[in-house]
Amino acid sequence: MPDQAFGADLVLADLRADSLEAAFDLVLEALKEQRYLSPAEGAPAREALLSREAVGSTALGNAVQVSHARLPERRRSLLCVARLHPPGLPPGPDGKAVRLLFLYLGPDTGPGDEDLARLQKISKAARDPAWVESCLNAPGPEGFDQRLKAGLRRGQSDTEAGVRP
């Protein structure tokens, strides 16, 4: 069941991956297990994500990356977020290792207004170091999910929403 406050189909906490490829594999496997992604979509999704990264990194900085790709077979968009164990993935433009990986898979027709609004909320919240830190340090999967929701609700960071880590 999608998380309506966050808009994510799946939230994964504490994944261990030593490369972007390994992180994609873990997330895509979880999406297939939860039936958000068909088995036939797994390999094309991985290839599309890696092809997009080859054009340029989707790391935003502040330990956040929003990987995205379009799939011709996809009928509806799919958004997932994973918190990665240290040391995380290769650093973003600010030199910080990526620890929050958002993964968006959309239809070939491009993102709709709702998708763009969700991605805009992520981008805005990702600029708040306090929100990112609270997500990374939240205890367990429930705490992580709570931090995500608090920071992304209405596009606000934790600081703007008045939420304390």
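**View A. Glu41 and Arg74, a pair of buried residues in the predicted model.** Both Glu41 and Arg74 count as buried in this predicted model. Their side chains form a salt bridge, with an N to O distance of 3.0 Å. Helix 2 itself, residues 39–55, lies across strand 3 and strand 7 and runs at about 120° to strand 3.

**View B. The salt bridge between Arg83 and Asp14.** The side chains of these two residues, Arg83 and Asp14, meet at 3.0 Å, N to O. Arg83 is located in strand 4 and Asp14 in strand 1, and the two are 69 residues apart, so that the pair links distant parts of the chain. Arg83 is buried, at 2% relative accessibility. Asp14, by contrast, is partly exposed, at 31%.

**View C. The salt bridge between Glu29 and Lys32 within helix 1.** The N to O distance between the side chains of Glu29 and Lys32 is 3.4 Å. Because Glu29 and Lys32 are three residues apart in helix 1, about one helical turn separates them. Glu29 is partly exposed, with 36% relative accessibility, and Lys32 is also partly exposed, with 26%. By the rule applied to this model, the count comes to five salt bridges, among them the pair of Glu29 and Lys32.

View D. The strands are arranged in the order 1-4-7-3-2, with mixed pairing. Strand 1 (10–15) and strand 2 (59–61) form the edges, each pairing on one side only. On average, neighbouring strands of the sheet are turned by 20° against each other, direction ignored. Helix 1 (residues 20–33) packs on the sheet and touches strand 1, strand 3 (64–71), strand 4 and strand 7. The direction of helix 1 makes about 60° with that of strand 7.

**View E. Pairing of strand 4 with strand 7.** Strand 4 (residues 78–84) and strand 7 (residues 100–107) run antiparallel and are joined by six bridges. Ala82 has Leu101, in strand 7, as its bridge partner.

**View F. The chain as a whole.** The secondary structure comprises six helices and seven strands. Of the 165 residues, 49% count as buried. The chain exposes about 8,300 Å², of which carbon and sulfur atoms supply 52%. Among contacts between residues at least 6 apart in sequence, 68% join residues at least 24 apart.

Key. Residues numbered from 1 in each chain as written. Predicted model: local features only at pLDDT ≥ 70, side-chain atom pairs only at ≥ 80, totals over all residues. Heavy atoms only, no water. Pairing = 2+ DSSP bridges. Helix = DSSP H or I, 4+ residues; strand = E, 2+ residues; numbered from the N terminus. Axes fitted to C-alpha atoms, helices over the stretch in contact; angles between N-to-C directions. Contact = heavy atoms within 4.5 Å. Buried < 20%, exposed > 50% of the residue type's maximum accessible area, 1.4 Å probe, protein only. Areas by Shrake-Rupley, 256 points an atom, 1.4 Å probe, with all protein chains shown as cover. Salt bridge = Lys/Arg side-chain N within 4 Å of Asp/Glu carboxyl O.
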